[in-house]
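Subject: Structure handover

Hello,

Here is the structure we discussed, with the sequence alongside. My notes on what turned up follow below it.

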Amino acid sequence: MTEPPVLPTPTYAVTGATGHLGRLAVDALLRHGVPARNVFALVRDPGKADDLAALGVGVREADYDRPDTLGPALEGIERLLLVSSPTPGRRVEQHGNVIRAADAADVGMVVYTSILHADETENALAPEHAATEDVLQASGLPFAVARNGWYVENYTGRLDEYLADGEIVGAAGEGRVSAATRADFAEAAVALLTGDIADQQGYWELGGPAFTMAELAETVSEVTGTKVVYRDLSPEEFTEALRGAGTDDATAEFVTGLELSTARGELETDSPALENLLGRAPTSLVDAVRAARL
């Protein structure tokens, strides 16, 4: 009986591969059994990727603001994870540079990390993501959009502050957040990247089990043994509190806007897509807080 042919492993590239999410995605690719020689880390500063090179991963310079670096970086790449830029105000141009370079290089699949409900939310971070999705759609490239919810690290990274103050202060009301760990979002992106292209294309709303800020405070209290409560302020009071802590006016208004987005329910989803892509339940809030204390 004739054995089925062994198909070659595609070549994968991850942008922003020395950042939090990008590095986790590279690790996930390797855990999925992709040979290191088929994985390429696209980074602005190759000198910061020596640890990846030591694993056998290819390291290529790729600067979102320098299109001349993007063509060579994408040469021979079949599937690309485009991790969104950390630079507000420039994302559409930067992402467009990468998408156009991917099109010119005949990349076979692009996965882009967007924001939850990008096409309908009033969240201030959404317009640049929605515009990038439009550029990707117009490119004609096969694509999947991972519309990620909030990183749970947005909260666990402030544990020391919460414990010192004995409270979490916000203006989110009873709004629920379908947060998940960066590692879970990275693993989901890799599942999209390595799966069957015909099945993975489209828009994926990704989030973990939802919680309110009061429930976050209860979880922190439970895990640490230190009482932490949630203190909900009006938007005006919250903005003034930020200003009183030394935050400039523009940033204070922006952060308050994010709180109001939470209060409106724009960071919540009941989609099972994250669990389906992971093949398991997302990391629980309790486990995420516990891990942050180790």
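In this predicted model, helix α4 touches helix α5 through Arg91, Val92, His95, Gly96, Ile99 and Asp103. On the α5 side the residues in contact are Glu128, Ala131, Thr132, Val135, Leu136 and Ser139. By class, the residues of this contact are five nonpolar, four polar and three charged. As for the geometry, α4 covers residues 91-104 and α5 covers residues 126-139, and the two pack at an angle of about 20° with their axes 9 Å apart. Since angles under 35 degrees count as roughly parallel, α4 is therefore roughly parallel to α5. The crossing of α4 past α5 is right-handed.

From α10, the contact uses Leu216, Thr219, Val220, Glu222 and Val223; from α14, it uses Leu285, Val286, Val289 and Arg290. These residues of α10 and α14 divide into six nonpolar, one polar and two charged.

Next, the strands. β1 (residues 12-15) pairs with β2 (residues 39-43) in the parallel sense, and four bridges join them. One of the residues involved is Ala13, whose bridge partner in β2 is Phe40.

Finally, two backbone angles to look at. Asp106, in the loop between α4 and β5 (109-115), has a positive phi of about 60° although it is not a glycine. His117, in the loop between β5 and α5, also has a positive phi, near 55°, and is likewise a residue other than glycine. What is the relative accessible area of each? For Asp106 the value is 67%, so Asp106 is exposed. For His117 the value is 14%, so His117 is buried.

Regards

Technical notes: Residues are numbered from 1 along each chain as its sequence is written. This is a predicted model: local features need pLDDT of at least 70, side-chain atom pairs count only at pLDDT 80 or more; totals for chains, interfaces and linings use all residues. Side-chain values use heavy atoms; hydrogens and water are left out. Axes are lines fitted to C-alpha atoms, for helices over the stretch in contact, and angles run from 0 to 180 degrees between N-to-C directions. Angles under 35 degrees count as roughly parallel, over 145 as roughly antiparallel, 65 to 115 as roughly perpendicular and the rest as oblique. A crossing is left-handed if the near helix is turned anticlockwise from the far one by less than a right angle, and right-handed if clockwise. Contact means heavy atoms within 4.5 Å. Ala, Val, Leu, Ile, Met, Phe, Trp, Tyr, Cys and Pro count as nonpolar, Asp, Glu, Lys and Arg as charged, and the others, Gly among them, as polar. Two strands pair if DSSP finds at least two bridges between them. Buried means under 20% relative accessible area, exposed over 50%, partly exposed in between (1.4 Å probe, protein chains only).
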